[in-house]
Every structure is written in structure tokens, then in C-alpha cells.
Amino acid sequence: MELLTRTIEAIKPLDHEAIGRVQSRLDNLTKPPGSLGVLEDIVLALAGITGRQPSAPLRKTHILMAGDHGVAACGVSAYPPEVTPQMVLNFANGGAAINVLARHAGVELLLVDVGVASDLPDLPGLLKRKVAYGTANLAEGPALTREQATAALEVGIEVANDCVRRGAELLGTGEMGIGNTTPSTAILAALSGKPVREIVGRGTGLDDQRLELKIKAIEKGLKINRPDPEDGLDVLAKLGGLEIAGLAGLILAGAAARVPVMIDGFISAAAACIAAKLNPQCRQYMIASHLSEEPGHRVMLEMLGLRPMLTMRMRLGEGTGAVLGMTLVDAAVKILNEMATFGEAGVAESLQ
Ligand SMILES: Cc1cc2ncn([C@H]3O[C@H](COP(=O)(O)O)[C@@H](O)[C@H]3O)c2cc1C
Ligand SMILES: O=C(O)c1cccnc1
């Protein structure tokens, strides 16, 4: 059986016994039950996902997938496509926002070239797994063939499986690809049926004129390609992109391996929506870090049934929100393990 099918079929429900055990420990800690809100939700989710009581700090790996987009030729980004490989060099040199936050949070950073349109040099921390030199222009036809989409999904699965084999306990999703808010918006429009104008955003900071070009390109792409909203692979192949496919594979593999996946902003959530279409159970293995400024992100999170931890007006991508969110996961796990119980501390329990 092919790797993608095997991975999709390996995803199982959460462990409700483990959730119950962690819930009773949380309720015995010296605080009113539920008073730590989302911090409590996080450890309950981790228990259900892993089947164990987590211990801190978790071993955290952030995977940043890079790819280019044919649709960039339509003028849908405020920046030129050359920025994609230039930023990959910046990541390898440690100078991007994601590097700073990964160092701050004690997170290992892995770069993957799934589809950058030029050849990259050998760089520390970069895995060269190029499926194609960028996608075709989604406004003119399918961005990818079904075979390319499957190959990119499988790159993500293999990368995630390697990380898990090396001991990763929490995976993060991030991306770099000039133009990639365009396929992400197209994916959302296809899956939700919502009008493009209602969910589109300015990405890297489009002016009104370029925003119209972006709307036109997406509407044209949906009309020409007619993606089947019930077929996640069809939506992914017709609209792209390669890094989105890679992240969707990573998410599926994390779920199959019972490892939680921190979902970053708009583009990562598009990948999560594709993964959820391929197996809705994988949603239970996701944690949403933050709410992006892209208007469609809220719609995606509602479709996924996820509540973001942070609202910080972020709209960068790279996984910056995901890595920041990981610091909260470690904090939540420390709460679970380091707080005293009512019995240990000699604190009186509730009167009710
Ligand atoms: C210098 C720079 C660094 C970035 N890091 C992430 N993105 C983000 O912006 C791009 C998506 O926005 P759009 O669809 O408008 O092109 C992606 O590469 C995303 O990761 C960046 C963009 C730029 C310019
Ligand atoms: O939310 C994101 O991930 C995002 C938003 C705009 C541009 N790049 C990324």
C-alpha cells in the first residue's frame, strides 16, 4: 500500500482513559478546577494524543517547508518570487524571525525544499526534497498533477516520520513561498464554498490594485479547475502548492504517530484543512497557535474545530506563531507536573 494511504488509515481516536487520568490530577492541583483555562486544555489534549501524562520540556521540532507558486506571475504578492530562495538562505544563516523564536523557545528547526523554483546550495539544516521547480499557475490550469501532490504529501510524511524516530514530541508547521496566501485562499474558497472576496486578505501587504489581481486569479483558477470539494487530493493538486502539500503530509503523519502538531497561521491552516479532508480524525492531533490577520484564517479554524491560543496581530507565516505557541505548551506541562496538590500543600478543598 502506498505511504499516503497507509498514513491516512493509521490515524486512530484519542486515548480517553489518559485524558481522564490527567483531568483528575489537574482537578487535585491547588487551584479552582478549570481556572487555568487553555493551559488545562493543552495538557488534556497532549494526554489524549500520546496516551501518557506529558513531561517538560517536550522535544520540539519545527519544520519549515519552502516552495514557489506559478500564480505569482499574476502579481498576487507584494514581493517578487526571488524572495523565496533568498529567505531560505536567511533561515539557514539564522537571521529570520523564525530563527529568533526557535532559539528563544528551544526548538529544533528543519528546512525542507519541497518546491523552490531554483536550485539551492547545500545548507546546514536544509533537506533537499524538491518535487518540482514550483507549481504551475493555478489561474491557467492545475497547479500540480495528482502524482506531484501525492509525492509532496509523502515528503511531508517521511520528514515527520524521521523527526518522530529521532524523538520529537511536538511538531510545528511553517512555510515560505512567495504567493502562497493565494493558493491557501483558493483552497479555503473551494472547501467552504464562500465567495473569494469575503475571505481574501492582503498577504504580505497588497495595495488595493494588487488585491483585485489576487481575487481575479483565484476566481479564474476555481472556474477553470473546478476542484471537487469532497476530494482533498483534487483540491490540493488543482490549487497547490508543494509546501502546502508537504505540510498536509506532515500533519497526517504526526497524527498517525500520535504526536501533536502545532498549526501556525493561514497557510499552515490551509494544509490542515486538506489533511482534515483526507482524514477528519487528524484534527484532534492539532493545536492552533494563533489567529492570523488574514481574514480567512478564522473561517479555517472554525472548519477545523480549533480555537487559537494567541491573538497577536501576526501575519508572517514561517511558523512564527507555532513556535511561540510551543513555549505555552511547555508552560502547561510544567503546571501539570510541578504544582502541588491540595493534599501535598495542605490547602482546603472546595466546600461544594
Ligand atoms: C521577506 C519575507 C519573509 C517572509 N516570511 C514569510 N513570509 C510569508 O509571506 C508569503 C505569503 O504572502 P504572499 O501570498 O502575499 O506572497 C509566504 O512566503 C509567507 O511565508 C514572508 C514574506 C516576505 C516578503
Ligand atoms: O498567517 C499567515 O500564515 C500569513 C499571513 C500573511 C502572509 N504570510 C503568512
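Here is a walk through the chain, its helices and the ligand surroundings.

**Before you click**

What you see is a predicted model, in which local features need pLDDT of at least 70, side-chain atom pairs count only at pLDDT 80 or more, and totals for chains, interfaces and linings use all residues. Residues are numbered from 1 along each chain as its sequence is written, while chains are lettered from A and ligands numbered from 1 in the order in which they are written.

The chain has a mean of 98, and 100% of its residues reach 70 or more. For the complex, the predictor gives an ipTM of 0.99 and a pTM of 0.99.

**Stop 1: ligand 1**

Select ligand 1 and show what surrounds it: 18 residues, with Ser77, Thr181, Gly203, Thr204 and Gly317 the closest. To count as near, a residue needs its C-beta atom, placed from the backbone, within 6 Å. Two or more residues of this shell come from each of α4 (83-92), β4 (170-176) and α7 (181-192). These labels follow DSSP runs numbered from the N terminus: helices are H or I with at least four residues, strands are E with at least two.

Now colour the shell by residue type. Seven residues are nonpolar, nine polar and two charged. In this scheme Ala, Val, Leu, Ile, Met, Phe, Trp, Tyr, Cys and Pro count as nonpolar, Asp, Glu, Lys and Arg as charged, and the others, Gly among them, as polar.

**Stop 2: ligand 2**

Which residues come nearest to ligand 2? Of the 13 around it, they are Gly265, Phe266, Ser292, Arg315 and Gly317. This shell splits into three nonpolar, seven polar and three charged residues.

**Stop 3: Glu318**

Next, pick Glu318, in the loop between α13 (296-304) and α14 (320-338). An unreviewed UniProt entry lists Glu318 under "active site"; such annotations may be inferred rather than shown by experiment, and the position is given in the numbering used here, with feature names shortened.

Is Glu318 buried or exposed? Glu318 is buried, because 26 other C-beta atoms lie within 10 Å. The cut-offs are 20 or more other C-beta atoms within 10 Å of its own for buried, 12 or fewer for exposed, and partly exposed in between, with C-beta atoms placed from the backbone.

Leaving aside neighbours within four places in sequence, show the contacts of Glu318: Leu64, Ala96, Ala97, Ile98, Gly174, Glu175 and Met176. Contact here means C-beta atoms, placed from the backbone, within 7 Å.

**Stop 4: helix α7**

Within α7, zoom in on Ala186. Ala186 counts as buried because of its 31 C-beta neighbours inside 10 Å. Not counting residues up to four places away in sequence, Ala186 touches Leu138, Ile218, Gly221, Leu222 and Leu239. Just after the helix, look for Gly193, with a positive phi of about 75 degrees.

**Stop 5: two loop residues**

Select Ala72, in the loop between β1 (60-67) and α4. Draw a C-alpha to C-alpha distance to Thr182: the two are 110 residues apart in sequence but 8.6 Å apart in space. Ala72 is buried because it has 24 C-beta neighbours inside 10 Å.

Then jump to Arg307, in the loop between α13 and α14. Arg307 counts as exposed because it has 12 C-beta neighbours inside 10 Å.

**Last stop: α3 and α14**

Finish with α3 (residues 37-50), whose 14 residues reach 20 Å between end C-alpha atoms. Its buried residues are covered by elements including α2 (16-28), β6 (286-288) and α14. Just past α3, Gly51 has a positive phi of about 80 degrees. As for α14, its 19 residues should span 27 Å at 1.5 Å a residue, and the 28 Å between its end C-alpha atoms agrees.

Notes:
Two residues are in contact if their C-beta atoms, placed from the backbone, lie within 7 Å. The expected span of a helix is 1.5 Å times one less than its number of residues. pLDDT is the predictor's confidence in each residue, from 0 to 100.
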